[in-house]
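Hi,

Here's the structure I promised to pass along. Have a look, and my notes follow below.

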Amino acid sequence: MAEPDQPSIARMIDFWLGGEHHYPVDVAAARAFEEAYAPCAVIFRALRAFLGRAVRSIADAGVDSFLVFGAGVPTRGNVHEVAPEATVLYTDVDPVTIRLGQRILAGSDRAGYGFGDATDIGTIDPAQLHRFVPGWGRRPVGVVFLGLAAFLDDETLARTLGELYEAVAPGSFLAVDFDAEELAAYPRALAMMGPMFRLRPPSAFGPLLGRWEPGADGIVPVARWRPDGEPADVPDAFFGAVATKPVA
Ligand SMILES: C[S@@+](CC[C@H](N)C(=O)[O-])C[C@H]1O[C@@H](n2cnc3c(N)ncnc32)[C@H](O)[C@@H]1O
């Protein structure tokens with residue numbers, strides 16, 4: 001793959017997670033971001049650890065296939081690594097990220113990577129969907145929607161989560177996170193995320209989930225969602241939940 005000349009947030013996250021799938025242009029952008037807001041690495045590690053605990057809990061509930069939106073780089077404790085017995089379809093809208101993901105997963109018969117706009121499920125290749133998420137709409141699945149909500153306005157996010165709720169079978173799960181207002185105190189960092197990047201107060205999160213039910217664990221800072229032992233001591237930048245579409 002030719003070396004990209006533009007940084008990508010997905011590969012910057014890979015850098016912060018200690019991964020191997022980023023380029024000098026991503027490291028430079030990550031370092032510049034850290035000058036405006038230092039604790040990126042610990043925050044994204046806490047978010048990835050939440051993904052791991054959330055996916056494990058969903059797999060332990062008997063779900064054996066996952067659909068991942070805004071997937072970024074599919075390594076460093078990602079879905080097929082924490083639930084190797086499951087099948088996984090990673091999707092993203094960024095062609096460079098998709099090519100990178102396809103290269104990383106080449107040869108896997110349980111995990112694939114393709115185009116998918118989270119705001120329009122119909123953009124996913126049906127053949128890929130049925131191969132990696134068999135019984136879509138008829139069997140319970142795990143939908144992973146992390147690192148994405150901040151890129152969608154309230155109306156689009158609520159509609160998207162509502163359409164996903166309609167599309168999945170009862171008994172399905174949604175792992176989701178929201179950006180809280182931590183970055184508001186760091187305007188230089190916030191400006192680097194672009195004008196469409198949305199921070200939200202925690203009171204906004206519940207209504208955006210619509211009919212998805214977050215259950216007893218609630219919508220909490222990701223480090224506090226069913227922590228393994230003492231929660232990681234990180235700023236409350238991301239809140240997360242594992243919500244369900246209950247069986248009627
Ligand atoms: C901040 S990264 C998060 C990556 C990964 N989910 C994580 O948590 O580390 C956001 C990703 O969402 C993708 N993205 C942005 N808008 C999207 C959309 N409408 N549908 C699907 N992916 C989208 C971007 O290309 C990027 O790879």
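First, a term: a polar contact is a pair of N or O atoms within 3.5 Å. By that rule, a polar side-chain atom of Asp117 sits 3.0 Å from a nitrogen atom of the ligand. Another ligand nitrogen atom entry is Gly70, where a polar backbone atom is 2.7 Å from a nitrogen of the ligand. Arg48 has a side-chain N or O atom 2.9 Å from an oxygen atom of the ligand. The protein covers 86% of the 600 Å² of accessible area that the ligand has on its own (Shrake-Rupley method, 1.4 Å probe).Before going on: this is a predicted model, where local features need pLDDT of at least 70 and side-chain atom pairs count only at pLDDT 80 or more, while totals for chains, interfaces and linings use all residues. Residues are numbered from 1 along each chain as its sequence is written, and side-chain values use heavy atoms, without hydrogens and water.

Around the ligand there are 17 residues, and Arg48, Gly70, Asp92, Ala118 and Leu146 come nearest (a residue counts if one of its heavy atoms lies within 4 Å). Helix 1 gives the largest share of that shell, three residues (helices are DSSP runs of H or I, at least four residues).

Helix 1 (residues 9–16) also packs with helix 2 (residues 24–36), at about 75° and with axes 9 Å apart (axes are lines fitted to C-alpha atoms over the stretch in contact, and angles run from 0 to 180 degrees between N-to-C directions). That makes the two roughly perpendicular, a label for 65 to 115 degrees. On the helix 1 side, Arg11, Met12, Phe15 and Trp16 make the contact (heavy atoms within 4.5 Å).

Cheers

Note on methods:
Parallel < 35°, antiparallel > 145°, perpendicular 65-115°, else oblique. Polar contact = N/O pair within 3.5 Å; in protein donor to acceptor, adjacent residues only side chain to side chain.
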